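Here is a short report for a first look. Keep the sequence and the 3D view at hand while reading.

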Amino acid sequence: MSRGSTLVFWLGFAVVVGLLAAAPLVLPAFWARLLSEILIWGLLAMSSDLLIGYTGLVSFGHSAFFGLGMYGAAAALLAVSPPSIWLALLFGLIAAAAAAGFVAFFSTRLRDIYFAITTLIFSQIFYVVIFTWTAVTGGENGLTFTRPPLALPGLFQLRLSPANLQWLVLAIVVMSYLLLRRITQSPFGMVLQSIRENEARTRAIGYPVERYKIVAVMLSGLFAGLAGVLYALQNEFAAPDFVFFLVSGETVIYNVVGGIGTLVGPIVGAAFFLLLREALSRFFTEFYLIPVGVIFVLIVIFMPQGLLGFARRWLNQ
Amino acid sequence: MNIPLEQILIQTINGVVTGMILALVSSGLTLIFGIMDVVNFAHGELFMLGAYVGVLTLAATGSFWLALISATIVIAVLGALIYVTTLRPLLGRDPLTTILATFGISLILQNYALWQFGPVARKIGEPISGHFTLFYLDYPWYRVVIALISAALLGAVWLFLKFGTWGVWIRATTQDRVMAQAMGIPVPRVLLTVFAIGAGMAGASGVLFGPLTAIDHAMGLDWILRVFIVVVVGGMGNLAGSVVAAIFISLLEAYAALWVSPAQAVIVSFVVLILTLLFRPTGLFATAVR
């Protein structure tokens, strides 16, 4: 990147973050909350972009990482007293990373559609366990808890009012974006992209491709878990619906629609679909997924620039 | 825990019955995948819609067999429509795009069913009400009949592929699409036919399985998962493999249901999948290296 475009990037970045930070002050409560939901789903989609866009692996299993983040946070808040937000974060991330490690160990042996199908099936293992293990997970009803304050023992304590929570979400999503951006530009990220472009060649050069893929899936799962923790904190519950593979499908939709391999695209995709849902659900009530599905299929067929990564990969074969 | 022998035998029959249906659904999916590299995410929804078409025809005509035939035809036509509108433009692109597109289709069909038929589950009555005594149980003849019909349909498909002119064309196209085209086989129409046949098989299975379950808009989701497990264990695109894997997995789940709830018995098939991926990542019955 030249000096000029770097400057433009950081200027744009500062403007967008500034606008988002001002939003809780100006927007009505409903829209401010929707905005922070968009950011959380955007973070989930962005985490999956690390796999779809940068490594060329389409994961249909991100609901498991997201859901385990939620349940990990809920477990920490319910089991440990006094509840601490840091423990919730820690538990959520550990649970998500463990799940991601498990899924990665098996699914990275496979490529393309086989990877997609196995991540889907493996994420369903977590769904079945969570859904049927009622004693621990609350089964169908899930777990509810109250939101803890943001506190550093002995230093300060901040009650998480809606606005404060929205700033917390914004701060974490922005930091995650910067981290993910750094990861994709690092030597590690370059190897991931070379796996996407030509796996056999990457292997021939001497990179342990499987190990890179496992780390990529785990990193991606970690950020998905972070999104799950945030979502649990925002809504004060963890529910099995969020572990079900339809959530993974939606994540993929956000990615494809927004444009993969861009990190920002998935957030745009999430915003597009959540706003679309808001608009359509006034006319179609619960059937808004019909037009959403139609739009998605049309984008897959007619907007291959949304599928830039695949297209590029296909041309290179 | 001590399980009496009778129960094991009963579960064996139950396992074979669901296994045959699962085999019918899975072989439709794997047939489609084998010939055009399309993973049809909407296959479970075709199964679900087949059951609903069955419900409607049954309500209109009162004949189960008419329902079976009409569901097969309607869903085959629907499959052909899906193929023409969404999948044909994607042929030749990365197979992953077909998963995405058919996932979109599955969302549409599922919510269409919810919109059209509402959230209340429907029922299909058993067409054959007789029972026979199996140990201490009155076992419905219908379940045995389902297994036989499914086996007959699978056999018919196999015979068609083996000896029918179109069947030979289908196998030729699966082996080498370009060569088949060069030999004068109408490849575009062959692909369309295969998609319609696969969809029709799913539709027929929906009606056949209807009397054993409650029919609602979400039933396709369970089935697509089981079908995916079956085709991965059996080897993608391997017709015989998916039939064997379907029966094998259904039997295991049926036995597991002796100890745990059916919802948890699914975990057994996950374990089979994990072991398969660990030791035979190309599927238990794979012939070619993936």
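What share of the 290 residues in chain B is made up of buried residues? Buried residues make up 50% of them. A residue is buried if 20 or more other C-beta atoms lie within 10 Å of its own, exposed if 12 or fewer, and partly exposed in between, with C-beta atoms placed from the backbone.

## About the model

This is a predicted model: local features need pLDDT of at least 70, side-chain atom pairs count only at pLDDT 80 or more, and totals for chains, interfaces and linings use all residues. Residues are numbered from 1 along each chain as its sequence is written, while chains are lettered from A and ligands numbered from 1 in the order in which they are written.

## Chain B overall

Chain B has 11 helices and two strands. These are DSSP runs, numbered from the N terminus: helices are H or I with at least four residues, strands are E with at least two. From the N terminus on, the order is α-α-α-α-β-β-α-α-α-α-α-α-α.

The C-alpha trace of chain B spans about 60 × 50 × 35 Å along its principal axes. Its radius of gyration is 19 Å, which agrees with the value near 19 Å for a compact globule of 290 residues. That radius is taken over C-alpha atoms, and the globule rule is 2.2 Å times the number of residues to the power 0.38.

## The hairpin

Strand 1 (residues 131–134) and strand 2 (residues 137–140) of chain B run antiparallel, joined by four bridges. Strands pair if DSSP finds at least two bridges between them. B:Phe132 stands opposite B:Tyr139 in strand 2 of chain B. Two residues lie between the strands, and B:Phe135 takes a positive phi near 55 degrees.

## Where the chains meet

The contact takes 35 residues from chain B and 33 residues from chain A. Two residues are in contact if their C-beta atoms, placed from the backbone, lie within 7 Å. Helix 4 of chain B gives the most to the chain B side, with 15 residues.

## The nonpolar core

The largest nonpolar core has 186 residues. Such a core is a set of buried Ala, Val, Leu, Ile, Met, Phe, Trp, Tyr and Cys residues joined through C-beta atoms within 7 Å. Among the residues with the most contacts inside this core are A:Ala73 and B:Val25. Helix 10 (residues 209–235) of chain A gives the most to the core, with 15 residues.

B:Val25 touches residues including B:His43, B:Phe47 and B:Trp223, not counting residues up to four places away in sequence.
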